[in-house]
Structures are given as C-alpha cells and as structure tokens.
Amino acid sequence: MPIKTAPAIVGTSYLQPTAHQNDAFQLRLRSRPETAEGSIPSSPLQNTLNKAPSQSVPSTHYISHGQWPHHRPLGFCFAGNLVPTELPAAKINMGVDNFTAQKRTGAGIPTTNGRPATGRPFSGLPRGRQIHKTFNNIKITILCGFVTILVLRGTIGVGNLGGSGGDVENQNLIEETNRILAEIRSDGADPDDPAESEINPNVTYTLGPKIANWNEERKVWLDQNPEFPNFVNGKARILLVTGSPPNPCDNPIGDHYLLKSIKNKIDYCRIHGIEIVYNMAHLDKELAGYWAKLPLIRRLMLSHPEVEWIWWMDSDALFTDMVFEIPLSKYDNYNLVVHGYPDLMFNQKSWIALNTGSFLFRNCQWSLDLLDAWAPMGPKGPIREEAGRILTANLKGRPAFEADDQSALIYLLISKKDEWMDKVFLENAYYLHGYWAGLVDRYEEMIEKYHPGLGDERWPFVTHFVGCKPCGSYGDYPVERCLRSMERAFNFADNQVLKLYGFRHRGLLSPKIKRIRNETATPLEFVDQFDIRRQPVHGEHSL
C-alpha cells in the first residue's frame with residue numbers, strides 16, 4: 001500500500017545533468033520555489049542525514065540515468081546502480097539514524113562527483129572526508145535497498161516475497177476484522193434489554209408454561225387445516241433440525257466445514273422430501289451449549305403442528321448413505337428414536353449407552369413431558385455443575401464435568417425406566433449415529449464391496465464426528481486428523497449425489513471433480529438409472 005505523502009510540500013524537485021564530465025553523469029538538484037531564506041546548504045548529503053524526521057517530504061523526484069529522459073521516476077540504488085521505480089514519500093528508520101527525503105532549495109548543488117560512486121576515496125580530497133564520504137555512500141546504499149523492499153512489499157505483497165504464493169491482507173484490515181470478530185464474540189448485555197432475574201435453585205427450571213392437552217389441540221388444528229397435513233403421500237412429515245452457535249467459529253476453517261455440513265444435509269433432505277431448519281439463535285440464555293437443542297425442539301413442535309417427527313442432528317454429523325431412509329413404520333408405537341444399546345444402558349449404566357447427536361421426537365404430549373423432565377439439569381451455573389457431579393457419580397466412565405444433555409437423558413431413562421422406556425426405541429440395526437473413527441478409513445473398502453442403501457457398518461447412514469469440534473478452539477483429536485476425515489466423509493456422500501449428473505470427486509480428499517460419463521442426446525435414460533429418488537431403501541428392507 002503506497003505511503004501517504006506528507007502534506008507540507010512547497011515545491012517539486014527535479015534533477016538535471018551538468019554540461020561537463022564525459023561518460024559519467026553529474027546530478028544536480030534544483031527545487032522551485034526557493035525557501036524563504038534562499039540559503040544553500042554546503043553539504044546536501046550531510047544535511048539530508050541530519051534532518052529531523054518530522055520535516056516535509058516531496059511527493060515525487062526525478063533522476064538522470066545516462067541520457068536525460070523526460071521526468072523519469074526516481075530509481076533506487078544498489079551498489080551505485082540506479083533502478084527506476086516509483087517512490088511513495090516515506091520516512092525510513094535505521095537504528096538511531098533517521099533518513100527523510102528533503103526538499104532542496106536555491107541553486108543546483110552537486111550531490112556526487114564526476115565519476116560514478118564506487119566507495120573508493122577520490123584523489124585530492126582530505127582522507128577524513130574520503131572516509132566520511134565512503135561511509136555515507138554505504139548508508140545510502142543500505143537505505144535504498146531498504147526502501148525498495150518496502151515498495152515491493154506494498155506492491156506485490158509480503159506473501160509473494162516470502163514465496164508462499166498467497167495474498168496477504170493489509171494489516172489495518174486484519175486488525176479491523178479481528179476487532180469486529182471480538183465484538184461479535186463478546187457476550188455483553190444489550191443496555192436496552194430488561195434486567196433478567198437470577199434462577200432460583202430451589203425452584204425446578206421449566207422450558208415454558210405447562211402444556212397438558214397438546215394431543216387434543218393438535219388434532220383439532222390438523223382437522224381445521226387440511227392444507228397442512230401431517231402425512232404426505234402416506235409418509236409422515238419430518239422436520240430435520242440442526243444449527244450452530246450464533247458467533248463465528250474460533251477456528252476460521254470451522255465455518256467452511258459448517259457450510260459443507262449444511263450442504264450435505266440439504267442434499268439429503270431435498271432427495272427425500274424432508275423439510276429442514278437451520279438455527280443460529282439461543283432461544284433460552286440458560287440452556288446454551290449442549291442444551292440449546294431442547295428449547296428449540298419444543299418451540300418447533302408447538303409452532304409446526306403439521307410436523308409429525310422432529311429430527312435433531314448435530315452440525316458435526318454427516319449423512320454418508322444418501323439412499324437410505326429411516327424406517328418410520330417401525331416406530332409406530334414409539335415417540336423417541338435414538339441410537340443406543342440396551343445392555344450398555346441398563347446393565348452397565350454407561351454414559352455412552354446412547355448418543356443424542358441424531359435422534360427423532362414425535363410431535364406429541366409425551367415428548368413435551370419428556371422435555372420438561374429433561375431440562376431441569378441444564379441451566380448454566382451451579383445447577384448444571386451440581387447435576388454434573390450427580391451424573392458422574394451414577395454413570396460408568398463419565399469424566400467429572402458439568403451436566404450435558406446426553407448424560408442427563410441416560411440418567412433420566414435409567415432412574416425412571418418404568419415411566420419413559422416403553423415409548424423409547426434404542427436403535428442399533430443401522431447407524432443413526434456412526435462413530436467416525438472406525439468408519440472414515442474404510443470408505444474405499446465399502447465402495448469396492450457394498451453399495452449405498454444399507455445404512456449399517458457396511459455403508460453407514462450417518463457419520464458423526466464426536467470429539468472433533470471443528471468450530472471450536474480445542475477438541476479431543478488432532479485438528480488435522482478431524483478435518484481430513486470430515487473431507488473424506490463429505491466427498492464420500494457427495495459422490496452419491498454427483499453420480500446423477502455424471503461426475504464424481506477425483507479422490508475422497510479432493511474438492512475437484514471429474515466426468516464419469518459423456519453427455520447424451522437421451523438424458524432421461526440416465527435419470528431413470530441413477531436418480532436416488534427412484535431408489536429409496538428403507539431400513540427394514542436392508543436388514
């Protein structure tokens with residue numbers, strides 16, 4: 001970025017050659033208009049080196065190089081050579097010496113002798129002056145080199161000088177961006193917001209007013225609004241819900257992978273006729289983090305009575321079988337479907353007996369009641385911390401940390417099994433949740449041996465990147481491993497979508513694609529052959 005010219009400019013300086021001296025050139029400096037005093041310094045070089053850095057600088061200089069051109073730009077010198085380039089007026093610091101390009105006044109003053117500067121003393125000059133002149137020439141050479149680097153830095157960027165090949169943003173822009181991000185991430189209260197009362201730990205926390213007759217009210221609403229049916233073409237209406245925090249990711253690349261994650265979910269929902277909601281708002285300030293899904297699910301149930309199933313899916317979970325469909329008829333007598341294992345739940349009381357990264361809630365009174373029973377462990381602060389201690393003491397293998405939604409649900413279902421479990425289906429016949437570490441390195445084997453539509457370990461329905469936290473500043477696994485695995489999972493799924501269009505990724509780690517079949521004059525035959533929508537595979541058919 002060019003350096004701004006100092007404002008106090010009186011005149012523009014030019015250089016002219018003298019009429020004598022053979023092949024060498026003589027530089028004379030003339031400035032107009034003259035200074036008020038009209039005085040001429042006896043040693044312009046020394047005067048330049050001793051000037052205070054606060055003095056004004058001319059905006060443009062010109063120099064002779066061999067034959068006299070018309071207004072050639074000033075050149076920077078390396079070991080006495082002149083390199084033509086533009087010079088933005090600037091101040092340059094070198095150690096304790098300050099060099100500022102100064103405006104010359106009065107008659108022309110020679111700045112070099114008749115022969116080119118070589119650093120060697122000239123005959124006929126006192127030795128002290130020869131040494132002093134040599135020293136000044138060295139100074140000028142170093143300064144010229146330094147200024148040239150600054151100009152190149154502003155012209156082509158630091159990244160190019162360093163060989164990285166990338167463009168480097170202006171430092172001011174970076175600082176401003178960081179300031180804005182810091183403001184966005186800050187959790188300061190809005191002064192216009194009314195003061196909120198603290199939670200009373202002696203009163204059970206609730207998600208909202210108690211609703212006791214939702215099933216009846218919902219049925220009446222559906223009868224009165226036939227244009228919003230809860231079943232379409234014989235299929236229950238599903239709303240997929242996902243989201244991410246309202247603030248930017250701590251790790252910038254995390255936002256890129258959030259984009260890939262939502263693209264993956266949109267693809268699956270488009271193919272299978274599922275509606276989707278992406279949330280970035282905290283609807284309840286007390287239930288942040290793991291717990292933010294609870295008030296959101298409840299609000300969506302009450303606001304969309306036409307939806308039969310609410311399907312929650314974490315932002316770090318990806319569909320990796322784009323053909324497989326959830327076998328909803330299998331759950332006609334159940335209201336909660338979650339990936340889990342009865343033995344881990346009731347015999348081992350393990351804190352990983354089920355996973356709440358992907359589960360389905362039926363829109364009914366039972367689900368609202370379960371949310372009301374589940375939420376009281378979630379408010380941040382002392383309540384969540386105390387609940388965490390209870391969960392750690394009662395669930396096998398759970399580390400000591402504040403209460404999370406998954407452990408709280410497991411504890412609730414174990415401690416009140418008779419009240420809740422008759423309507424809960426612990427699904428493990430297919431991967432409603434598939435732990436990524438044992439899957440992503442087997443994709444090539446799956447492609448070779450199996451086909452989409454299976455949904456289980458042969459071709460996982462969902463791959464969930466538990467512990468990776470691509471949007472956060474920390475995680476349980478190395479960032480490089482997580483991002484590499486997420487890229488493989490995304491491309492593995494994306495290939496199934498691109499197949500209809502005649503393309504695929506060059507590799508599971510490559511964002512680039514390649515053509516896998518040629519265009520044809522009869523494209524509909526490929527639609528019939530490759531369209532995923534014509535080949536849905538339900539879970540009960542693949543088991």
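I take helix axes as lines fitted to C-alpha atoms over the stretch in contact, with angles running from 0 to 180 degrees between N-to-C directions. I keep in mind that this is a predicted model.

**Entry 1: α9 against α11**

I started with helix α9, residues 365–374, and its packing on α11. The angle between them is about 110°, and the axes lie 10 Å apart. Angles from 65 to 115 degrees count as roughly perpendicular, so α9 is roughly perpendicular to α11. Next I listed the residues that make the contact. From α9 I noted Leu 370, Ala 373 and Trp 374. From α11 I noted Asp 405, Ala 408, Leu 409 and Leu 412. I then sorted the residues of this contact by type and got 6 nonpolar, no polar and 1 charged.

**Entry 2: α10 against α11**

I turned to helix α10, residues 382–394, and helix α11, residues 405–415. They pack at an angle of about 60°, with 10 Å between their axes. That value makes α10 oblique to α11. I also looked up the hand of the crossing of α10 and α11, and it is left-handed. Which residues meet here? On the α10 side I found Ile 390, Leu 391 and Asn 394. On the α11 side they meet Ser 407, Ala 408 and Tyr 411. By type, the contact of α10 with α11 divides into 4 nonpolar, 2 polar and no charged residues. I see Ala 408 listed in the contact with α9 and again in the contact with α10.

**Entry 3: Asp 456**

I moved on to a single residue. Asp 456 sits in the loop between α13 (443–449) and β18 (462–464). Is Asp 456 buried or exposed? Its relative accessible area is 6%. The cut-off for buried is under 20%, so Asp 456 counts as buried. I checked its side chain for polar partners. The side chain of Asp 456 makes a polar contact with the side chain of Arg 458, at 2.7 Å. I then set aside neighbours within four places in sequence. With those left out, Asp 456 is in contact with Ala 429, Tyr 430 and Tyr 431.

**Entry 4: the whole protein**

I count 16 helices and 21 strands in the protein. The protein has 543 residues, and 42% of them count as buried; Asp 456 is one of the buried residues. Last, I looked at contacts between residues at least 6 apart in sequence. Of these, 70% join residues at least 24 apart.

Definitions and conventions. Residues numbered from 1 in each chain as written. Predicted model: local features only at pLDDT ≥ 70, side-chain atom pairs only at ≥ 80, totals over all residues. Heavy atoms only, no water. Helix = DSSP H or I, 4+ residues; strand = E, 2+ residues; numbered from the N terminus. Parallel < 35°, antiparallel > 145°, perpendicular 65-115°, else oblique. Left-handed = near helix turned anticlockwise from the far one by under 90°. Contact = heavy atoms within 4.5 Å. Nonpolar A, V, L, I, M, F, W, Y, C, P; charged D, E, K, R; others polar. Buried < 20%, exposed > 50% of the residue type's maximum accessible area, 1.4 Å probe, protein only. Polar contact = N/O pair within 3.5 Å; in protein donor to acceptor, adjacent residues only side chain to side chain.
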